[in-house]
Amino acid sequence: GLGEEGGTGINLFSLYPTDEPRVDELRDAAEHGRVWSGRLRALRADGSGYHEECALSPVKGAGGEVHSLVVVKRDVTREVEFEARLAQNQKLEALGTLAGGVAHDFNNVLTPILGYAELALNQVEANTRLHGNLSRILRAAERAKGLVDQILAFSRQSEDTRVALRFGELLQETEELLRASIPKRVRLAVRWDAGEDGVVGNPTQLQQVVMNLVTNACHAMEPEGGTVEIGGETVEVREPEPDLAAGRYLVLRVTDEGCGMPPEVQARIFEPFFTTKEVGKGTGLGLAAVHGIVKQHGGAIRVDSVVGRGTTFRVYLPLAGRADRVEERVGARETMPRGRGERILVVDDEIEVADFLAQTLETLGYRVEAVLSAEEAWQRFSRSPGAVDLLLTDQTMPGRTGLELARQCRERRPDLPVVLCTGYASAVATEELAAAGVAVLLAKPVSPRQLAAEVRRVLDGGKRP
Ligand SMILES: Nc1ncnc2c1ncn2[C@@H]1O[C@H](COP(=O)(O)OP(=O)(O)OP(=O)(O)O)[C@@H](O)[C@H]1O
Ligand SMILES: [Mg+2]
C-alpha cells in the first residue's frame, strides 16, 4: 500500500494499527532474529486498513548477528473477507435450521389457539368480561404469531408464493405505508434509478425487508431524527462471492445518518434475537428475517457502517429481466382464488362454524347452502345430486360422521368432490379418507385463505403439490 520505494526509511512497526495484538509477536521475532509468519491487520499509506500475510526472515552474518530483515507482505483482504462471509453464512444456516424447527412446532400450537379464540369471540356478547378476556388472548396469540412468522422468514421456511414484479412499484406502495408509520423527525428520500427492471419475488416478504430496514434506520437516528435515503439501481456482479453469484442484480439501498455500528455489533446483526435495544423495544428478529428473505430470493446483503455517522444496507436481488417480460402485478398480490358460482353444500353442526364457512365461500363467489346435520345434508343432496358441485363437511357430528355422509353421497355420485374438516385432535386414517373419496382434509380452525385455496384446487381437480 505504499507504492514503489514508499517503504524506504519507514519503521516497519508503524505500518500497523496500535491495537493489532500480533505486532508484538512480529517485533519480538525481529528483535531475536527468528523466523515469523502470520496474518495481521495493517495500514495503507492513506491510513485505511487491510489484512496482510506477513513473512519475516532475518538475514544473519557469519557470527550469527542479524544484519537485516527480509519481510514479505501480501494483501489478503479479499481472502479474509471471503472466509469470514463463508463462516457467517454457515453459522446463520445452522441457526436457521434450529430456529425454524422450533418455530414450526410453535406455529402448530398457535394455530388452534388463534382459531378457537376467534371462534369463541364470535360466540360471546360484546362488552362482557369474557369478551374482553378472549380479545386479550387473541391479541397475545397474534403477537406470538408475528414473532413466529419472523423466525420462519429467517429460517427460510415461510410460505413462498412468487410473482414477477417491478420493485419500483412495490417500493411506492411501501413508501405510503412507511410515511404513515415513521416518526415526524425522519425524512424519507426515495431515489429510484433501477427503472422498470423486475425481480421474481414474494411481494409481502420484500415489503417486509424494506419496512424492517427503514424501521431500524429510524431507530438509529433517535431522538434527533434525520434523513433515510432509499435507493435502487442495477449492478453487474463480476467477481462471485460465497453468497453472491456473478450476474445482474437489482440493488436496494437504505442509508441512514444514525448512530452507526461498531464491528462487533455488525458481526452479529443477522443472528436471531441479537439486539442492542432495551427489553420491550426490539426482539432482534428484524434483520434475521431480512436475511432469510433475501437468501430465499437468491440474493445477498451488505452493510457499511461508521459509528457516529450512519449505516448503509444494500440488498442484492437477482434481476428477472426487462419490464416488458414482467407481468402486471396488479391483482397478483396475495389474492385468494375465487369461485365461479359453483354450488357448495356446507355441513357443520355448530351454527357459527357453518355460518363462517358459508359466509367466507359466498364472499369468494360460490353459491352456498349450509345445513346443520348430516341428515339434513343427505335430504338436500339426494333430492338432486347433480345440483351440488362440492361437499364441505365437518367430521364429528351427532348421528352420522362426515366420512359416512361422504361415502353415502359418493355412492350416488362417484365424482363428487369432498372436503372434510376435522377438529384439532380427531385423527382420521388416510385409508378411510381415500375410501370415502375425501380429496382434502382441513384441520379446524380453517383460515379463509386456506379454505379458498383448497376448495378452488379440489374443484379444478388439482392434486396436492
Ligand atoms: N441502521 C442501523 N443503524 C445502527 N444499528 C443498527 C441498524 N440496523 C440494525 N442495527 C443494529 O442491529 C441490531 C439488530 O437489528 P434487528 O432489526 O435484527 O433487531 P432490532 O431492531 O433490535 O429488533 P426488532 O427488529 O426485532 O424489533 C439492532 O439492535 C441494532 O443494534
Ligand atoms: Mg429491527
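A disulfide is taken here as a pair of cysteine sulfur atoms within 2.5 Å. By this criterion, a search of the whole structure, which is a predicted model, returns zero disulfides. Cys421 takes part in no disulfide, and the nearest cysteine sulfur, that of Cys409, is 15 Å away. Cys421 is buried, with a relative accessible area of 1%, where buried means under 20% relative accessible area, exposed over 50%, and partly exposed in between (1.4 Å probe, protein chains only). Cys54 is likewise buried, its relative accessible area being 1%.

In this predicted model, local features need pLDDT of at least 70 and side-chain atom pairs count only at pLDDT 80 or more, while totals for chains, interfaces and linings use all residues. Side-chain values use heavy atoms, with hydrogens and water left out, and residues are numbered from 1 along each chain as its sequence is written.

Three aromatic pairs were found in a search of the whole structure; rings of Phe, Tyr and Trp (its six-membered ring) pair if their centres lie within 6.5 Å, and planes under 30 degrees apart count as stacked, over 60 as edge-to-face and the rest as tilted. Phe167 and Trp192 form a stacked pair, because their ring centres are 5.8 Å apart and their planes at 10°. This pair links distant parts of the chain, 25 residues apart, with Phe167 in helix α4 (residues 167-181) and Trp192 in strand β5 (residues 186-192). Helices (H or I, at least four residues) and strands (E, at least two) are DSSP runs, numbered from the N terminus. Phe167 counts as buried at 1% relative accessibility, whereas Trp192, at 23%, counts as partly exposed.

Terms used: Chains are lettered from A and ligands numbered from 1 in the order in which they are written.
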